[in-house]
Amino acid sequence: STETKSPVEVFREDYLPSPYTIPSLSMDFKITPDEGTIVTTTLNLVPNPLSIKNDDDGGSSPPPLVLDGDATSITLLSVTMDGTLLTAGVDYTVSGDKLIIQNPGQRLETAG
């Protein structure tokens, strides 16, 4: 059986500026009778200057990229950043319905 999640109330004052802007996004749908539908999504990311924090050494680094999904209907097949295949548990984590990438580059591709 599928459990229905109760909606979570979010207030306007709880919203923060997005840590990234996405100037372009593309989605490729591959529909097959055997594999179902595979969606490859490509995001071009630009760190939002309003969200960059200074490091202890005086530099700055963008915050982790957190993408929301629906783990009950999507199976993550791969994550590629700037042309490099990322490793689960090392380069990214999946926690519930969230994909978290600690050190995102400029071009993210996911397949699922």
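The protein has zero helices and ten strands, where strands are DSSP runs of E with at least two residues, helices are runs of H or I with at least four, and both are numbered from the N terminus. This is a predicted model, in which local features need pLDDT of at least 70, side-chain atom pairs count only at pLDDT 80 or more, and totals for chains, interfaces and linings use all residues. Residues are numbered from 1 along each chain as its sequence is written, and side-chain values use heavy atoms, without hydrogens and water.

**Overall picture**

Of the 112 residues, 21% count as buried. Buried means under 20% relative accessible area, exposed means over 50%, and partly exposed lies in between (1.4 Å probe, protein chains only). Contacts are heavy atoms within 4.5 Å. Among contacts with a separation of 6 or more, 59% join residues 24 or more positions apart.

The largest nonpolar core has ten residues: Y20, L43, L45, L65, V79, M81, L86, Y92, L99 and I101.

M27 belongs to strand β1 (residues 20-32).

The whole structure holds one salt bridge, meaning a side-chain nitrogen of Lys or Arg within 4 Å of a carboxyl oxygen of Asp or Glu. D68 pairs with K98, with the closest N and O atoms 2.5 Å apart. The pair links distant parts of the chain, from D68 in β5 (residues 65-68) to K98 in β9, 30 residues apart.

D97 lies in the loop between β8 (92-95) and β9. Leaving out residues up to four places away in sequence, D97 touches K5, L67, D68, G69, D70 and A71. A polar atom of the D97 side chain lies 2.9 Å from the backbone nitrogen of A71. D97 and L67 are 8.4 Å apart, C-alpha to C-alpha, and 30 residues apart in sequence.

| Residue | Relative accessibility | Class |
|---|---|---|
| M27 | 47% | partly exposed |
| D68 | 60% | exposed |
| D97 | 25% | partly exposed |
| K98 | 36% | partly exposed |

Key. A nonpolar core is a set of buried Ala, Val, Leu, Ile, Met, Phe, Trp, Tyr and Cys residues joined through side-chain atoms within 4.5 Å. A polar contact is a pair of N or O atoms within 3.5 Å; within protein, one must be able to donate a hydrogen and the other to accept it, and residues adjacent in sequence count only if both atoms are side-chain atoms.
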